[in-house]
Amino acid sequence: MASSNPSTRPRTHSLSDVAGLRVGHATRVAPTHVGHLTGTTVVLAPEGGAVAAVDVRGGGPGTRETDALDPRNLVQRVEAVVLTGGSAYGLDSATGVMAWLEERGRGVRVGPDPSHVVPVVPAACVFDLGRGGDFTARPDATTGRAAVEAAAGSEPFTPVEEGNVGAGTGAVVGKVKGGVGSASVLLESGITVAALVVANAAGSGVDAGTGALYGRFFEGRRVAYPAPEVHEEATRRLAEAAAEGGPPPLNTTLAVVATDAELTKAQAQKLAGTSHDGMARAVRPVHLLNDGDTVFALATGEHPLAADRPLALNEILAAGADMVTAAIVRALLAAESVETPGGNFPSYRDLYGGLDSGLDGERTE
């Protein structure tokens with residue numbers, strides 16, 4: 001079994017670097033699921049749950065159980081978070097996760113018997129309806145159950161699968177294929193901060209003037225720009241793909257930002273809020289009326305913050321935003337082009353070739 005000590009075990013540079021968190025995807029695509037281009041992703045907390053909070057900035061959110069995460073309310077910990085395609089219809093996938101947790105007695109205890117629990121399963125959705133060709137093809141309770149079973153069946157510290165998987169299967173950012181991305185960092189304090197995103201936005205992740213990814217400008221390294229002729233050709237291909245029709249580039253970017261620090265619900269909510277800054281760096285414009293941009297924060301409590309350092313939270317807040325930016329970049333680089341009866345969705349790598357080598361043997365921290 002891998003060591004839980006982040007300084008001695010190999011790092012995945014993904015959300016699973018936060019000890020105890022596991023990620024599972026259920027992906028629904030043709031030919032097995034005709035007309036589908038969608039799926040569900042579940043972040044499964046350790047048994048007993050993680051402190052959780054949420055911050056919603058988009059004007060068109062589709063969510064479930066987010067009120068329970070308000071620091072003023074009763075529930076302190078959650079056992080799982082669901083990210084799903086299918087717009088509001090896809091929120092039904094959380095029902096499958098809830099049933100799986102109930103069968104194992106995991107949830108808020110509400111009666112004398114250990115089986116008397118109510119699992120609180122916060123969820124948020126992205127809009128991908130019709131992108132596989134069938135507007136009625138969407139995740140349901142069986143999809144959610146498949147995703148949580150995949151998470152539970154994975155080994156600890158398994159790298160998060162990225163790209164066209166789970167809730168990122170039908171994701172599109174502007175005109176470019178989006179998907180799932182993840183990133184993590186080990187701070188000097190020994191605390192790990194990580195993010196998982198589903199990048200699917202009305203705004204763009206690509207600088208229209210140069211073709212560079214917006215998120216690259218905030219990584220502290222030299223940005224590689226496409227040659228003008230490459231960018232011109234990519235722009236032409238994107239215009240052709242858009243002219244073929246298909247659903248409009250609707251919402252949403254979702255994120256789970258996690259840390260192994262010990263946080264209160266109020267501190268976790270602050271982390272969720274500041275992590276939206278990372279989204280704003282990588283997608284422009286962001287938080288529009290037809291976006292439902294939502295960030296969940298999870299804290300597993302392995303590392304207490306020093307009581308005599310009230311500003312110790314600051315490094316976690318800064319890292320959360322950085323990891324969201326890095327995870328969006330990774331989502332765009334990991335995504336693969338898709339063409340379905342519902343549309344043509346070219347990937348950044350197909351458009352710009354090997355210019356950006358961010359996935360070749362490295363993960364961004």
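In the predicted model, His 13 is found in the segment that precedes strand β1. The phi angle of His 13 is near 55 degrees, a positive value in a residue other than glycine. His 13 is buried, because its relative accessible area is 19% and the limit for burial is under 20%. A positive phi also occurs at His 287, where the angle is near 60 degrees. This residue is placed in the loop between α4 and β15 and is partly exposed, with a relative accessible area of 24%. Most residues other than glycine have a negative phi, and most peptide bonds are trans.

Cis peptide bonds were also identified. The bond from Arg 284 to Pro 285 is cis, with omega near -15 degrees, and Pro 285 lies in the loop between α4 and β15. The bond from Ala 30 to Pro 31 is likewise cis, with omega near 10 degrees; Pro 31 belongs to the loop between β1 (22-29) and β2 (37-44).

An open sheet of 6 strands shows mixed pairing in the order β5-β3-β15-β14-β13-β12. Strands β5 (77-78) and β12 (179-186) stand at the edges with a single partner strand each, so one side of each has no neighbour in the sheet. Strands β14 (residues 254-261) and β15 (residues 294-303) pair in the parallel sense over 7 bridges, and Leu 298 in β15 is the bridge partner of Ala 258. Helix α4 (residues 265-282) packs on the sheet, touching β3 (50-56), β14 and β15, and its direction makes about 45 degrees with that of β3. Helix α5 (residues 313-334) also packs on the sheet, where it touches β12, β13 and β14, at about 40 degrees to the direction of β13.

Methods: Residues numbered from 1 in each chain as written. Predicted model: local features only at pLDDT ≥ 70, side-chain atom pairs only at ≥ 80, totals over all residues. Heavy atoms only, no water. Pairing = 2+ DSSP bridges. Helix = DSSP H or I, 4+ residues; strand = E, 2+ residues; numbered from the N terminus. Contact = heavy atoms within 4.5 Å. Axes fitted to C-alpha atoms, helices over the stretch in contact; angles between N-to-C directions. Buried < 20%, exposed > 50% of the residue type's maximum accessible area, 1.4 Å probe, protein only.
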